Amino acid sequence: MQRTRNVRAGRDEPHASGDLLCFSHLRWGFVYQRPNHLMARFARIRRVFFFEEPVFDAPGEPRLHVERVEDGLHVCVPHLPPHASGAGVLAAQRALLDELADAHALRPEVLWFYTPMALELADGLHARRVVYDCMDELSAFAGAPPRLRELERALFERAHIVFTGGHSLYESKRRHHPRVHALPSSVEPEHYLRARVPQDDPPDQASIPHPRAGYFGVIDERLDLSLIEQLADARPDLQLVFLGPIVKVDPNALPRRPNLHWLGMKKYEELPSYLAGWDVALMPFALNEATRFISPTKTLEYLAAGLPVVSTAIRDVVRPYGERGLVHVADASTFAHAVDEARATDRARHRAAADAFVARTSWDSTWNRMRELIEALDDVRERNAPQVSIGEDAARCSTT
């Protein structure tokens, strides 16, 4: 079998505990979030292969770029010709996956899914554990593939265990599988504590005057652009700083005001230096289908940085953060006033309450709980025959 090409690091020795093969719709080099935190930790105990969706830029034959980004952690990106489509895309990815297995003596102990769309690619693969880490309701996002719901039903049939990224999502998914566990995204407190130390502003933020209110994260259909515009107009002295990639939103549609600053994507390592210069942190989410089940990781990250937070009424923010007085929850008519209240917050008292809450969780503890639950499956095997096709799985699910 042909060897995998474009491997930037040497071949790892197989790990005694077997490998983890993760299928993700999010790219490793995108916003550093739940998949990155968890897979980096699993790489401490087993080899991890993070298999991304294809990029259609190969000038010739399909190729697989494999990069070892950390010890034991490999990011795998299929590059396909621009004209590839339909069944050819799936066949090419399967061939590249075979090459990966051959080149690295891949021995999957765990198949880990972030997207049901990868189920067809993994059809026929055998692993002792199949995990679905459902971090978002992907079917509610703009441009969601029509078959996503169908394939998610099939993934529920194949998975041994399901994790959800928040409590609202857990309430939505728990009826579909006997082993669903709510394990919300967490935080690395020590990373964001750096924002509490006096420091120089990053160059692109240094010229922005105070007071400042900021947001970091993906800028997409989940943000309420009209609310942001309204806040900018209502408080022209308040500088609004937005960090993050613009996805599925026309950049020309973003509101433009002298006190609105769209600074683009920043690395995870850079975030504390930006947050150190903010007076308030924002979560101006729209209330729509795309945000119905979200549990924003940035809530804990803002709190760990010691910032007062203002958010719209996202369910997993209202409970528990709003109910405990850790986050100011407001709607469009009260958002500017809530920002004023947040600015007037007793910072020392707020940080003490935030620290007590943040101390209850960490990415290490979340990962350890996941690992315990997976290991406690008592050698359970596939609940269905491993060679059942996706079509048969989906048809059976549709009758239940």
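Let's start with a strand pair. Strand β9, residues 212-216, and β12 pair in the parallel sense, over 2 bridges. Within that pairing, G214 has A281 of β12 as its bridge partner. Keep in mind that this is a predicted model.

Now stay with β12. Strand β13, residues 309-311, runs parallel to β12, and 3 bridges join them. A281 turns up again here: its bridge partner in β13 is V309. How does the chain get from β12 to β13? It goes through helix α10, residues 298-304, and this β-α-β crossover is right-handed.

Next, the open sheet. There are 8 strands, in the order β3-β4-β2-β1-β5-β6-β7-β8, and the pairing is mixed. Which strands stand at the edges? They are β3, residues 63-70, and β8, residues 180-182. Each has a single partner strand, so one side of each has no neighbour in the sheet. From one strand to the next, the twist averages 20°.

Strand β1, residues 19-24, and strand β5, residues 108-113, are parallel and share 5 bridges. L21 has L111 in β5 as its bridge partner. As a reminder, strands of a sheet pair through backbone hydrogen bonds, either parallel or antiparallel.

Now the helices on the sheet. Helix α1 lies across β1, β2, β3, β4, β5, β6 and β7, and runs at about 155° to β2. Helix α14 lies across β5, β6, β7 and β8, at about 165° to β7.

These two helices also pack against each other. The angle between α1, residues 34-42, and α14, residues 363-375, is about 65°, and their axes are 10 Å apart. Their crossing is right-handed. Which residues meet? From α1, they are R34, H37, L38, R41 and F42. From α14, they are W363, D364, W367, M370 and I374. By class, that contact has 6 nonpolar, 1 polar and 3 charged residues. On spacing in general: an α-helix has 3.6 residues a turn, so residues three or four places apart point the same way.

Last point: is α1 buried or exposed? Buried: 9 of its 9 residues are, so the helix is largely enclosed by the rest of the structure. The buried residues include R34 and R41, along with N36 and H37.

Terms used: Residues numbered from 1 in each chain as written. Predicted model: local features only at pLDDT ≥ 70, side-chain atom pairs only at ≥ 80, totals over all residues. Heavy atoms only, no water. Pairing = 2+ DSSP bridges. Helix = DSSP H or I, 4+ residues; strand = E, 2+ residues; numbered from the N terminus. Right-handed = clockwise from strand over helix to strand, strands pointing away. Axes fitted to C-alpha atoms, helices over the stretch in contact; angles between N-to-C directions. Left-handed = near helix turned anticlockwise from the far one by under 90°. Contact = heavy atoms within 4.5 Å. Nonpolar A, V, L, I, M, F, W, Y, C, P; charged D, E, K, R; others polar. Buried < 20%, exposed > 50% of the residue type's maximum accessible area, 1.4 Å probe, protein only.
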